[in-house]
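Dear colleague,

I am handing over the structure we spoke about, and below it you will find my notes on what turned up in it. Please read them with the coordinates open beside you.

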Amino acid sequence: MKNSKKTGRIFLITCLLMAFIGKVNGQISPGDLSTAHANLEGMTKCVQCHVLGESVTNEKCLDCHKEMKQLIQQKRGYHVSVEVEGKNCLECHNEHHGRNFALVKFDKDQFDHQLAGYELKGKHKQIDCNECHKDQFIQKKISQKKDFSYLGLETNCTACHTDRHGESLGNDCAKCHNFDAFKPAEGFDHQKTDFALVGKHARVECKKCHEQEIIKKDTIQRFTREVPNSCTVCHEDIHKGKFGKNCLECHNQESFHQVSNLNDFDHTKTNFPLLGQHQAVKCAACHTKAYTLAVKHANCTDCHTDYHKGQFTVRGKTSDCNQCHTVNGYTPSLFTIEQHNEGDFKLEGAHLATPCIFCHKKEVEWSFRNIGKMCVDCHQDIHKVEMSSKYYPEQRCENCHSISAWDEVKFDHNLTEFKLEGKHADQTCRKCHFTEANNDSFSQKFSSLDQSCTQCHIDEHQGQFETDGKNLCERCHQFNNWEPTKFNHAETRFKLDGGHEGVECFKCHVDKIENGKSYSNYQFTDIRCAVCHTP
């Protein structure tokens, strides 16, 4: 009896548990998945599509459908069009409607192909979808589990069509062809290439120049090729290279029998190519006799007069002009500074920037021999009258001046009778020895410059301290400043003592105006007290 009761309880619990599981299954799965998603059936696989407590999300769909995710990220295809953008996947593709439910509802006859990012034009409008969307045109199959897909087809022409030009013109066929027919290639204009078709070339068949070849049973005709650099690349040279490769010098592209420019003879074929200014010379200027006779041309002087009149004759032989000049013109000269420095006069300092003409064409003609090596041979000696020759014997300017610049002067003034001390040592030579005039000229003084201070400085005391016609300023002043540091009032007629010691100078030495100039009066004829003090 007890065993019967125990068996009944187990049966009851089993029935209740089965009823509960059935109820839970009904809540979790509202219906069977479609055949495409059948492998996702079962309670343990729900989270592959669903987020717990939420519905299906786009992220979950795209985690599985990676090919669609990639297209959306690349902004390509129908799913980024205005018709789909912003929608959730389940709005168009929802599940749990049974095994035979069609997840993709697609009417290919009503589909606007432009929404897929590729507008159908011309003959493409007449082609059935399956003619293009088939595995052999899809380089990378979207899913091995699909029997067919509209995804994965590239938009370039060669994705479907054989490249008849063997990749010689790129993959943008629309540059030359249109969607109505591949022939003729209405977008191609040979005149815009590097080889425009002129004359008879415009009437030659393409395959005459662009030969066809068979590759894997396909007829390939390559068009990109190196532009011919001469006619002989395609045509036989009946002259066997005697007149070069540029046939157009005599012939034209309309007919080889039409010969022109016969008088424009190519002189480079001779032993004397016409270069530089020789190209502008008339033939008769050199060929004074018959053209068949050779013209002497070993040296420039065979035709040209020696402009330098034998100045460059060395050991009885005149150097040829081409050692210094070119056929492009006589100037500039090719004679280098290094070559010049091999001579008796080296170019240094400022001479490096001096044009040849300054030294070698002082008059009408050029001179290169015996033009002098001393400074005074080219430069004026402006000190000749004013400066003693003992300071620059033989007029050697370099004793004081630098060849880099005339104002770079090195002279020991202590060799003269006037040593430069104090502030004088900071002055330029020009400050004391040159006087500027209004007309940009100047006068100079060296030998005629005396040593008195008033030679350069104004006597502010108006001659009050002259002795025998000279102002000996150094009795009171020194060379460092104008302050009368050497003056001692006790050595004058009027010694300062008593109350006079603290009196300022201007109290006694008042200013006077004479001849429109103001100065302090230091000389008194009467030094009695009554002169300054009232009794």
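**Salt bridges**

D526 forms a salt bridge with R528, the closest N and O atoms being 2.8 Å apart, where a salt bridge is a side-chain nitrogen of Lys or Arg within 4 Å of a carboxyl oxygen of Asp or Glu. This is a predicted model, in which local features need pLDDT of at least 70 and side-chain atom pairs count only at pLDDT 80 or more, whereas totals for chains, interfaces and linings use all residues. Residues are numbered from 1 along each chain as its sequence is written, and side-chain values use heavy atoms, with hydrogens and water left out. D526 counts as partly exposed at 27% relative accessibility, while R528 counts as exposed at 56%; here buried means under 20% relative accessible area, exposed means over 50%, and partly exposed is in between (1.4 Å probe, protein chains only).

Over the whole structure the search finds 12 salt bridges. Among them is the pair K108 and D128, whose side chains meet at 3.7 Å, N to O. The pair links distant parts of the chain, 20 residues apart, with both K108 and D128 in the loop between helix 3 (66-73) and helix 4 (129-132); helices (H or I, at least four residues) and strands (E, at least two) are DSSP runs, numbered from the N terminus. K108 is partly exposed at 30% relative accessibility, and D128 is partly exposed with a relative accessible area of 38%.

A salt bridge of 3.0 Å, N to O, also joins the side chains of K309 and E365. K309 lies in the loop between helix 6 (283-286) and strand 3 (313-314) and E365 in the loop between helix 8 (356-360) and helix 9 (429-433), so this pair ties together parts that are 56 residues apart in sequence. K309 is exposed, at 60% relative accessible area, whereas E365 counts as partly exposed at 47%.

Q464, in the loop between strand 6 (442-444) and strand 7 (466-467), is buried with a relative accessible area of 13%. Its side chain reaches the backbone nitrogen of Y522 at 2.6 Å, and, leaving aside residues up to four places away in sequence, Q464 touches Y519, S520, N521, Y522 and Q523, contact meaning heavy atoms within 4.5 Å.

H383 lies in the loop between helix 8 and helix 9 and is likewise buried, with a relative accessible area of 13%. A polar contact of 2.9 Å joins the side chains of H383 and Q444, the term standing for a pair of N or O atoms within 3.5 Å, of which, within protein, one must be able to donate a hydrogen and the other to accept it, residues adjacent in sequence counting only if both atoms are side-chain atoms. Again without residues up to four places away in sequence, H383 touches Y392, H401, F434, Q444 and F446.

**Cysteines**

The search of the whole structure finds zero disulfides, a disulfide being a pair of cysteine sulfur atoms within 2.5 Å. C61 is in no disulfide, and the nearest cysteine sulfur, that of C89, is 4.1 Å away. C300 is in no disulfide either, with the nearest cysteine sulfur, that of C321, 4.3 Å away; C300 counts as partly exposed at 25% relative accessibility.

**Hairpin and backbone**

Strand 9 (residues 511-514) and strand 10 (residues 517-520) run antiparallel and are joined by four bridges, two strands being paired if DSSP finds at least two bridges between them. D511 has S520 in strand 10 as its bridge partner. The two strands form a hairpin with two residues between them, and N515 in the turn has a positive phi of about 55°.

Most residues other than glycine have a negative phi, and most peptide bonds are trans. K217, in the loop between strand 1 (212-215) and strand 2 (218-221), has a positive phi near 70° and is exposed at 81% relative accessibility. D468, in the loop between strand 7 and strand 8 (470-471), has a positive phi near 55° and is exposed, with a relative accessible area of 79%.

The peptide bond from K183 to P184 is cis, with omega near -5°, and P184 sits in the loop between helix 4 and helix 5 (206-209). The bond from T331 to P332 is also cis, with omega near 0°, P332 being in the loop between strand 4 (317-318) and helix 7 (337-340).
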